[in-house]
Amino acid sequence: GRTTLQIGQEQVARVVNKTGGNLLESQYKVVSIQSATGQRLSVNLAIGNSEAGSFDTLGIVTEDIAVNQEGYITTYGLVREINTTGALQGENWNDGDLLFLSPFVSGSLTKVKPDAPNHGVRMGYVVYSHAIHGTIWVKVDNGYELDELHGVQITSVANNDLLQYDSTSGLWKNESLSNAGIEPTIANGTTLQYFRGDKTFVTLPI
């Protein structure tokens, strides 16, 4: 009875708080799936510094949920009546800002796009920047690792591998420089030698 659902405009999930502390609506923390408890998904705080901390990011807390108790999070749609100025995060947010899962603070949001190797998990947008009546549109996009893409097959990765298309299998595969046929060598300090993609040996002056 503490959560209002705008039917057709948003989606929520009832979860069990396994973060080890109370989840507060005013802090609108980001949570990820940890496991399941009592026929409900159980959640922990998400963080964007690794695959393990971010790949199953589920949504944003939309009501107070005591530790080990059940409550709702928003997986899609609006989270309302919160401070969306960025002050809680040490930032300055404006209407329309794209928000990401923080790679530095568990459960937090940031408008600064994370750089690799941190994960760029998109969480949604600031709809209304306000200290009391702020609103965030939640739309989680966890992103993908290269080897999670359809049409890509990565095996036994090594330094300096390349991604090369294999027309027989129809897949992009990782290959070493030598197997890819483009590993250059310097001969006598005057020529550059390498194999082209068709395995033709080429010598160029340098």
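User: In this predicted model, which residues does Trp93 touch, not counting residues up to four places away in sequence?

Analyst: Trp93 touches Tyr28, Thr84, Thr85, Gly86, Leu99, Leu109, Thr110, Lys111, Val126, Ser129 and Ile136. A contact here requires heavy atoms within 4.5 Å.

User: What makes Trp93 part of a nonpolar core, and which residues have the most contacts inside that core?

Analyst: Membership requires a buried nonpolar residue joined to others through side-chain atoms within 4.5 Å. The largest such core has 15 residues, and Trp93 is among those with the most contacts inside it, together with Tyr28, Val30, Ile60, Leu109, Met123 and Ile136. Two or more residues each come from strands E5 (70–82), E6 (98–101), E8 and E9 (134–141). A second, separate core has 9 residues, including Val43, Leu58, Val61 and Ile65. As background, nonpolar side chains in soluble globular proteins tend to be buried together.

User: How far apart are Val126 and Leu99, in sequence and in space?

Analyst: They are 27 residues apart in sequence, and their C-alpha atoms are 7.3 Å apart in space.

User: What is noted about the backbone of Tyr28 and of Gln39?

Analyst: Tyr28 has a positive phi of about 35° although it is not a glycine. Gln39, also not a glycine, has a positive phi of about 65°. Tyr28 sits in the loop between strand E1 (11–17) and strand E2 (30–37), while Gln39 is in the loop between E2 and strand E3 (40–45).

User: Which peptide bond is cis, and where is Pro117?

Analyst: The bond joining Ala116 and Pro117 is cis, with omega about 15°. Pro117 is in the loop between strand E7 (109–110) and strand E8 (122–128).

User: How do you know that E10 and E12 are paired?

Analyst: Pairing needs at least two bridges, and 2 bridges join E10 to strand E12 (residues 171–175), so the two strands count as paired. They run parallel. Lys173 in E12 is the bridge partner of Gln153.

User: What makes E10 and E11 the edge strands of their sheet?

Analyst: This open sheet of 3 strands has the order E10-E12-E11 with mixed pairing. Strands E10 (152–153) and E11 (162–166) each pair on one side only, and are the edge strands.

User: What are the volume and lining of the largest pocket?

Analyst: The largest pocket holds about 270 Å³ of space. It is lined by 19 residues, with Gln89, Ser102, Val105, Ser108 and Leu109 closest to its centre. By class, the lining has 8 nonpolar, 7 polar and 4 charged residues.

User: What lines the second largest pocket, and what is its volume?

Analyst: Its volume is about 200 Å³. Of its 15 lining residues, His119, Gly120, Asn142, Gly143 and Tyr144 lie nearest the centre. The lining divides into 4 nonpolar, 6 polar and 5 charged residues.

Terms used: Residues numbered from 1 in each chain as written. Predicted model: local features only at pLDDT ≥ 70, side-chain atom pairs only at ≥ 80, totals over all residues. Heavy atoms only, no water. Helix = DSSP H or I, 4+ residues; strand = E, 2+ residues; numbered from the N terminus. Buried < 20%, exposed > 50% of the residue type's maximum accessible area, 1.4 Å probe, protein only. 1 Å grid on protein atoms, 1.4 Å probe; cavity = no way out; pocket = protein on both sides within 12 Å on 5 of 7 lines; lining within 4 Å. Points joined across faces, edges and corners; volume = space filled by probe spheres on them. Nonpolar A, V, L, I, M, F, W, Y, C, P; charged D, E, K, R; others polar.
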